[in-house]
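Let's work through a few exercises together, one step at a time. Keep the structure open beside you and try each task before you read its solution.

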Amino acid sequence: MPSIFSSRDDINSEIWRKNVTFQKGKSYLIEAASGTGKSSLISFIYGYRKDYEGQICFDSRDVRTFSGNEWTSVRQNSIGMMFQELRLFPELTAGENVILKNNLTAYREEKQIKEWFRMLDIDDKWSEPIGRMSFGQQQRVAFVRMLCQPSDFLLMDEPVSHLDDINGGIMASIMENEIKERGVGVIVTSIGRRLLMNYSEMIKL
Amino acid sequence: MLWKLLKQHISVAQLTGFFIANLCGMVIVMLGVQFYNDVSPVFNEEDSFIKKDYVVVTKKVSTLGSISGKNSAFSSYEVDNIKSQPFAVSVGKFQPARFKVSAGLSFAGMSISTAMFLESVPDNFVDVKADEWKYVEGQGEIPIIIPRNYLNLYNFGFARSRNLPQLSEGMIGMVSLNLYISGNGMRDMKKGRIVGFSNRLNTILVPEDFMNAANSKYGDSNEMEPSRVIIEVDNPADERIAHFFNDNGYETEDNKLDAGKITWFLKIAVGIVMAIGLVISALSFYILLLSIYLLLQKNTDKLENLILMGYSTSRVALPYQILTVGINFAVLLIAIMALVIIRSLYSDVLAEIITGFEGNGIIMSCTVGVALFIFVSAYNIIAIRRKINAIL
């Protein structure tokens, strides 16, 4: 639970002050109202904020004990992340943003990346600087970037907030394919629009 | 691609400022070392026959002393006192001949003859090769060292005015002298050969063994106390030497102490120059560090995103580290080039002053430069790494 909530006793949540386990091969939707700590939860799990109470464990190991290098390895090989604020580089083109990640992991063929771009209808934006693309288009780029690494889990913080249903649907089908083929676990958050998938579990934060 | 991202916000002006400042500092420091190395031999010119760091000491001859017949010789107590001084490595007495000598030279059909005066110092103060500088009883030729001034006096004064041939050092070495020794009612003739010329010893030296033998044979029996003492010192620039001599009313015969003082001043001057160079280097280093910090600060978002993408801090730090080390290395190379150029400008002048000027090469100053480079680079690498680690 975020430290800032610790003085409150009116918390009514299925995660805070509870034991929750996420498993590989399953998909979870975390639904929350604004301000209930959804993005905080994601940042706790991804290890870039530590202002929480309680314990987060990967395979029974407390993440508070992870060193910087271990986090680097986790972010390269275990957890794919799609940030709510995307964290793309506006100076680079859409293609470069994805390649920058794929160079690090050497996980995907460029052909596969371009195929995803085509499926998500942004293949004409490959050489376009990110700064000149709409947020919805950027979300799709960030989505592809997330896939460019070996993963046990994929975290997606409001992935479809600016997407139409058609592209959301394509995204969902790619995700379901990933779950089926690679056996990844998927955790999606939403405050309204949700990625339309068959979730194994829906959790109210 | 990583570089394309990270080079954003690099300030060429700041890096240029650092580059120039560091170059100045580096060149000044290296030039200081180089100049000191090149110039100090001027003041340490060695007499090839005499050990390097020695001084010859006499007592002051005063008018009053001459009239009252005061002795200007060193008593054994005084010699022991000198020996006990911390700056004295070893002390040798000049032993004067207690017999009459005159030397004759036959050359090209002419003969010159003059009354002479011989002295000896302990052999370990003389650096002539051991097989040349020795005397055993009955030896035919006696090795002699004379002051170079004597040769000049002959060549440029005597020989010219009398239309006599001028002699080179090599020729003198081939000519043998006739030494007529008399005393104790005996008179003998010995052959002498000049094996060396001294710039700094104003006396005619023979081996101590010969002196002992001749003194006991021809000399009167009473031992004479030495009027001159030769001292080997560990550091001629040691100010205690000058103090000691002043306090006891001793005089040094040559300018060895002056040279020591000049060397000392040279050291101070070079030290000041190098200190200034180091300060400039330190300031420029500070500029670089601030510039890099500013750069990291401006790129904090990017660095954070890269780290969250799974880039390790060392990988993100690497481009900046390469940048700074590259700049430092360029500075080092240009500084060495500048050093070589500047040195070529003054080495012509030095070559005229110092015979056989080679210098010690630029190895010493380059070593200092490389050390500076390594220190600055290492510190940069660590500072950048720390700064980036602090981001997340």
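## Exercise 1: A helix on a sheet

Helix H5 (residues 135-147) of chain A lies across E4 and strand E5 (153-157) of chain A, at about 175° to E4(A). The model is a predicted one, in which local features need pLDDT of at least 70 and side-chain atom pairs count only at pLDDT 80 or more, while totals for chains, interfaces and linings use all residues. Residues are numbered from 1 along each chain as its sequence is written, and chains are lettered from A and ligands numbered from 1 in the order in which they are written.

**Task.** In which order do the five strands of the open sheet in chain A lie, and which are the edge strands?

**Solution.** 
- Step 1: Learn the terms. Helices (H or I, at least four residues) and strands (E, at least two) are DSSP runs, numbered from the N terminus. Two strands pair if DSSP finds at least two bridges between them.
- Step 2: Write down the order. The open sheet reads E4-E5-E6-E1-E7 (chain A), with parallel pairing.
- Step 3: Look for strands that pair on one side only. These edge strands are strand E4 (79-82) and strand E7 (201-204) of chain A.
- Step 4: Check one pair. Strand E1 (residues 27-31) and strand E6 (residues 185-190) of chain A run parallel and are joined by five bridges. A:Ser27, for instance, has A:Val186 in E6(A) as its bridge partner.
- Step 5: Axes are lines fitted to C-alpha atoms, for helices over the stretch in contact, and angles run from 0 to 180 degrees between N-to-C directions. Contact between two residues requires that their C-beta atoms, placed from the backbone, lie within 7 Å.

## Exercise 2: The two sides of a helix

**Task.** Which residues of helix H4 (residues 110-119) of chain A are buried?

**Solution.** 
- Step 1: A residue is buried if 20 or more other C-beta atoms lie within 10 Å of its own, exposed if 12 or fewer, and partly exposed in between, with C-beta atoms placed from the backbone.
- Step 2: Apply them to the helix. A:Ile113, A:Trp116 and A:Phe117 are buried.
- Step 3: Find where they point. They cover an arc of only 105° around the axis, so they sit on the same side of H4(A). The arc is that of the directions from the helix axis to the C-beta atoms.
- Step 4: Turn to the face away from the buried side. There you find the exposed residues A:Lys111 and A:Arg118.
- Step 5: See what covers the buried residues. The cover includes helix H3 (94-105), H5 and H6 of chain A.

## Exercise 3: Positive phi

**Task.** A:Ser60 and A:Glu158 have positive phi values. Is each of them buried or exposed?

**Solution.** 
- Step 1: Most residues other than glycine have a negative phi.
- Step 2: Take the serine. A:Ser60 has a phi of about 70° and lies in the loop between strand E2 (57-58) and strand E3 (61-62) of chain A. It is exposed, because 5 other C-beta atoms lie within 10 Å.
- Step 3: Take the glutamate. A:Glu158 has a phi near 50° and is found in the loop between E5 and helix H6 (165-182) of chain A. It is buried, because 23 other C-beta atoms lie within 10 Å.

## Exercise 4: A covered strand in chain B

**Task.** How many residues of strand E10 (residues 228-233) of chain B are buried, and which strands are joined to E10(B) by five bridges?

**Solution.** 
- Step 1: Count the buried residues. Five of the six residues in E10(B) are buried.
- Step 2: Strand E1 (residues 54-59) of chain B is joined to E10(B) by five bridges and runs antiparallel. B:Val55 has B:Ile231 as its bridge partner.
- Step 3: Look at another strand. Strand E2 (residues 88-93) of chain B also has five bridges to E10(B), again antiparallel. Here B:Val91 is partnered with B:Ile231.
- Step 4: The four-stranded open sheet runs E2-E10-E1-E11 (chain B), with antiparallel pairing.
- Step 5: Name the edges. They are E2 and strand E11 (250-252) of chain B, each pairing on one side only.
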